[in-house]
Amino acid sequence: MRSIADELRNSGIFSNDSQADDFAFCGFAAHVIEPGVLRAVALNTLIYTIQMNPTTNELDPCGQFAWLRKQLTVASNAGERVHLISHIPPALPFWKESYFRKYKQIIQDFAGVVDAQFYGHIHRFGYMASDSLPPLFLGGPVTRISHTAPDFTLMPFRGTQGSVVDDRVQWTFFNATQTWEPHASLRGVLGLSTLSPAALVNASVAMLRGNASTFDRFYALFEGGFATHSPSGLDQLAVSCFSLAFDWTDAFRECLGSVLGSFWGPGL
């Protein structure tokens, strides 16, 4: 990690030794994009996963939770919004439950500071929305390993501080032309004027309640730009519930159960 940190420092990606030292210690780093406006905080979420080997029972591996609180406090005092970036998303069953709960509490405590969360790992374009948390955006893969069209996302910002995510425009690789081309925007597909938590929650609820045309458009983005099959009713329920459920072990099943129960009754 030290050699990688030094290379990033020498290349100018890290602007100071403190960033390089944090990264060398445990793979996390913070960077002020514009003082008083926006700060990016990159986390090492591998240490929280259920597949971490060797396992650890530490309450705060690498002291990263304490470090995150410090970064968010400094950003708050400076009037900055924060974008959190990492790979494995903070959702069960990916993370150990104790770490998921700690992270969720920190984000709730700084909900007015954290503007958005950006993660990957599942190889699908999507989002996870909650009334009490800033939106979490998931990026798709740039390879075909997951049997989806390769894609990546451009995200413009807006607002007086320039820190609010305005849209997500998916770029997909087109086989016929062998080029990357803009495919669709999340706002346009969902019919939204903003990607606020409330707007995203309402969009997911609308898809759950049977808005098939909106879901079909979103499902194409979810699959990388081109759905390989027409989504079933169960696809619609599962993907819509997924976008509302950070806590898959409870909230995801509860979401599915409540919707299925409304159709087929409590005897399901």
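Strands β10 (residues 169-174) and β11 run antiparallel and are joined by six bridges. The model is predicted: local features need pLDDT of at least 70 and side-chain atom pairs pLDDT 80 or more, while totals for chains, interfaces and linings use all residues. Residues are numbered from 1 along each chain as its sequence is written, and side-chain values use heavy atoms, without hydrogens and water.

Sheet

- Strands are DSSP runs (E, at least two residues), numbered from the N terminus, and two strands pair if DSSP finds at least two bridges between them.
- Thr172 has Glu181 in β11 as its bridge partner.
- The open sheet has three strands in the order β7-β10-β11, with antiparallel pairing.
- β7 (151-154) and β11 (179-185) are the edge strands with a single partner each, so one side of each has no neighbour in the sheet.

Largest pocket

- A pocket is an open set of points on a 1 Å grid over the protein atoms alone, where a 1.4 Å probe fits, with protein on both sides within 12 Å along at least five of seven lines; lining residues have an atom within 4 Å of a point.
- The lining numbers 18 residues, and Ile85, Phe118, Tyr119, Thr153 and Met155 are nearest the centre of the largest pocket.
- At least two lining residues come from each of β3 (81-85), β4 (114-119), β6 (133-138) and β7; β7 gives the most, three.
- Domain 1 (1-121) and domain 2 (145-267) both contribute to the lining, so the largest pocket lies between them; the domain bounds come from an automatic or database domain assignment.

Definitions and conventions:
Helices (H or I, at least four residues) and strands (E, at least two) are DSSP runs, numbered from the N terminus.
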